[in-house]
Amino acid sequence: MQAVPPGANIDRHDNAPKKSISEFYSGKSVLVTGGTGFLGKVLVEKLLYDTDVEKLYLMIREKDGETIDRRMAALLNNSIFGKLKALKPSAVSKIVPIYGDVTQTDLAMKTQDIKTLTSEVSVVFHMAASIQFKEPMSVTLNYNYEGTKRVLKLLRQMQKIESFVHVSSVYAQALDGGKIVKETLYPPPANHNELETFISKYDNDEEETKKFLQRRCNTYAYGKALTEVFVAENHGTIPTCIVRPSMITSKAEQPLPGWLDNWYGPTRFLYNASRGWDRSCFIRREFLVDMIPVDYVANLCIVAGARNDSCVDVAVFNSCTTGANPLTWAYAHKCMIKDTVKNKLNDLPYPFVLYTQSKLLYSIYTMLLQLIPAKIADGWLWVTGRRSKYTKTQKKVIHLKETLSFFLKNSWVIECENTRKLFRSLSLDDQKKFPCDPVNINWRKYLEDYQKGIEKFLCQEKVGPNKP
């Protein structure tokens with residue numbers, strides 16, 4: 001196992017003429033796990049619109065009582081596929097749903113489906129993961145670690161396999177109190193015996209779990225760290241790379257700049273401040289927030305998959321911004337608040353945010369600027385015979401900050417030179433089709449589109465931070 005150091009040569013055949021990204025995928029069949037998720041939707045749409053893949057096998061499991069056919073229909077009804085259906089409707093027929101579940105033995109696939117995939121698929125994008133941060137270690141490992149082992153088992157049977165792209169997370173290697181996350185493989189946080197011993201004794205013990213995480217934020221990140229090492233040590237001769245995104249946020253480019261379908265990452269946190277609900281933050285103004293547009297991550301996966309030509313080295317690509325185009329929390333708040341007020345969408349008057357690293361000042365700010373006004377407002381509602389809501393809302397706003405405290409109190413610089421070098425190696429045409437260099441993000445425009453996207457795709461004209 002060898003990792004590719006930052007800035008090292010990631011194209012192993014420099015003298016050979018490079019196909020364009022679209023040419024590489026032309027006529028090939030690909031398998032995507034996690035294709036119904038936020039990142040997955042964008043990846044699937046991009047592959048179908050900008051490449052000529054033969055077939056796109058989409059591994060889907062039943063969820064919440066919905067069959068895979070119903071989930072496929074819901075997927076294609078999403079607005080992200082509007083341009084594809086309008087301009088390249090025949091491409092939609094290339095999607096072939098395959099029942100599969102990474103938590104089950106042999107992915108719970110039918111024998112015939114396994115035969116089809118092992119005889120036809122050339123490229124695999126593995127994105128399926130549980131992103132529940134507080135699950136017991138055994139649960140998250142079964143989904144993210146054991147699930148990846150099951151996918152690799154299938155890959156080893158594939159007769160035409162040319163490339164495996166494993167999607168991890170930069171927070172697998174972003175430690176509490178740490179400063180830098182490099183584009184390299186890190187040692188595993190524990191060996192197999194230590195892990196088994198912990199699970200058998202303390203799997204449901206939150207306090208012991210915190211100690212075992214070794215400065216990682218949650219069991220999700222811990223499992224991702226273990227999985228990276230397993231992939232690097234067990235990919236065999238399959239050309240393999242790892243893509244590590246930071247907090248994935250709305251689309252940056254056409255079509256649908258600002259599109260998103262969830263409140264994850266910093267979205268609700270920034271929204272609460274822009275609407276006037278959150279006015280105090282226990283962070284420094286200059287602390288960095290690492291968010292990356294979802295289309296930049298999808299494009300990087302596609303490009304990395306096409307340039308994944310080593311059977312030995314495992315290239316690591318951080319999809320992030322702080323190492324090349326840093327953004328502070330203060331600037332993000334400022335822009336989001338300005339745009340919200342300009343569009344007269346703030347729920348409470350005069351939104352602003354005060355920053356401090358003093359626990360005493362933070363408590364005072366929260367009490368004076370949020371809790372006491374909420375109590376007064378609820379008192380007025382009670383007097384006028386209406387149901388109180390402001391104090392309940394404030395409790396949710398404060399709880400969200402407690403949930404995000406690991407990311408708010410740390411300010412990492414996440415390197416991305418491998419990603420930037422890969423992007424620079426592309427033709428100008430491919431650079432336009434598959435933007436993934438974070439230097440090219442215009443934060444002012446992006447944050448304006450981000451705010452509009454929240455209002456258009458998540459709020460749908462509802463008021464207040466209590467969105468479904």
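**View A. Strand S2 and strand S3 (residues 55-60) run parallel and are joined by five bridges.** The model is a predicted one, in which local features need a pLDDT of at least 70 and side-chain atom pairs count only at pLDDT 80 or more, whereas totals for chains, interfaces and linings use all residues. Residues are numbered from 1 along each chain as its sequence is written, and side-chain values use heavy atoms, with hydrogens and water left out. Helices (H or I, at least four residues) and strands (E, at least two) are DSSP runs numbered from the N terminus, and two strands pair if DSSP finds at least two bridges between them. Within S3, Leu58 is the bridge partner of Val32. Together with helix H2 (residues 38-50), S2 and S3 make a right-handed β-α-β unit; a crossover is right-handed if, with the strands pointing away from the viewer, the path from the first strand over the helix to the second runs clockwise.

**View B. Strand S2 (residues 29-33) is mostly covered, five of its five residues being buried.** Buried means under 20% relative accessible area, exposed means over 50%, and partly exposed lies in between (1.4 Å probe, protein chains only). Ser29, Leu31 and Thr33 are buried on one side of S2, and Val30 and Val32 are buried on the other. Strand S5 (residues 121-126) also runs parallel to S2, to which it is joined by five bridges, and Val30 stands opposite Val123 of S5.

**View C. Strand S6 (residues 163-167) has five of its five residues buried, so it is largely enclosed by the rest of the structure.** Both of its faces are covered, with Ser163, Val165 and Val167 buried on one side and Phe164 and His166 on the other. S6 pairs with S5 in the parallel sense over four bridges, and Phe125 stands opposite Val165. S5, helix H6 (residues 137-155) and S6 make a right-handed β-α-β unit. S6 also pairs in the parallel sense with strand S8 (residues 240-245), over four bridges, and there the bridge partner of Val165 is Cys241.

**View D. The largest nonpolar core has 98 residues, and those with the most contacts inside it are Tyr25, Leu43, Leu58, Phe125, Trp329 and Tyr450.** The largest share of this core, ten residues, comes from H11. A nonpolar core is a set of buried Ala, Val, Leu, Ile, Met, Phe, Trp, Tyr and Cys residues joined through side-chain atoms within 4.5 Å. Apart from this core lies another, of 33 residues, among them Leu31, Tyr143, Ile161 and Phe198. With neighbours within four places in sequence left aside, Leu58 is in contact (heavy atoms within 4.5 Å) with Val32, Gly35, Val44, Met72, Leu75, Ile95, Val96, Pro97 and Ile98.

**View E. In helix H16 (residues 417-424) the buried residues are Asn418, Thr419, Leu422 and Phe423.** Seen down the axis of H16, these buried residues fall within an arc of 135 degrees, so they line one face of the helix; the arc is that of the directions from the helix axis to the C-beta atoms. Their cover includes helix H11 (294-306), strand S12 (313-319) and helix H17 (428-433). Phe317 has its place in S12 and, at 4% relative accessibility, counts as buried.

View F. Leu107 lies in the loop between S4 and H5, where its phi is near 60 degrees, a positive value in a residue other than glycine. Ala108, in the loop between S4 and H5, has a positive phi of about 55 degrees although it is not a glycine. Leu107 is buried, with a relative accessible area of 3%, whereas Ala108 is partly exposed, with 32%. The peptide bond from Gln254 to Pro255 is cis, with omega near -5 degrees, and Pro255 is found in the loop between strand S9 (247-249) and helix H10 (267-274).

**View G. The protein chain averages a pLDDT of 93, and 95% of the residues score at least 70.** pLDDT is the predictor's confidence in each residue, from 0 to 100. Over residues 461-468 the pLDDT is below 50, and beyond near neighbours in sequence this stretch has 24 contacts in the model. Residues 4-15 likewise stay under 50, and the model has 34 contacts for them beyond four places in sequence. Where pLDDT is low, the predicted coordinates should not be read in detail.
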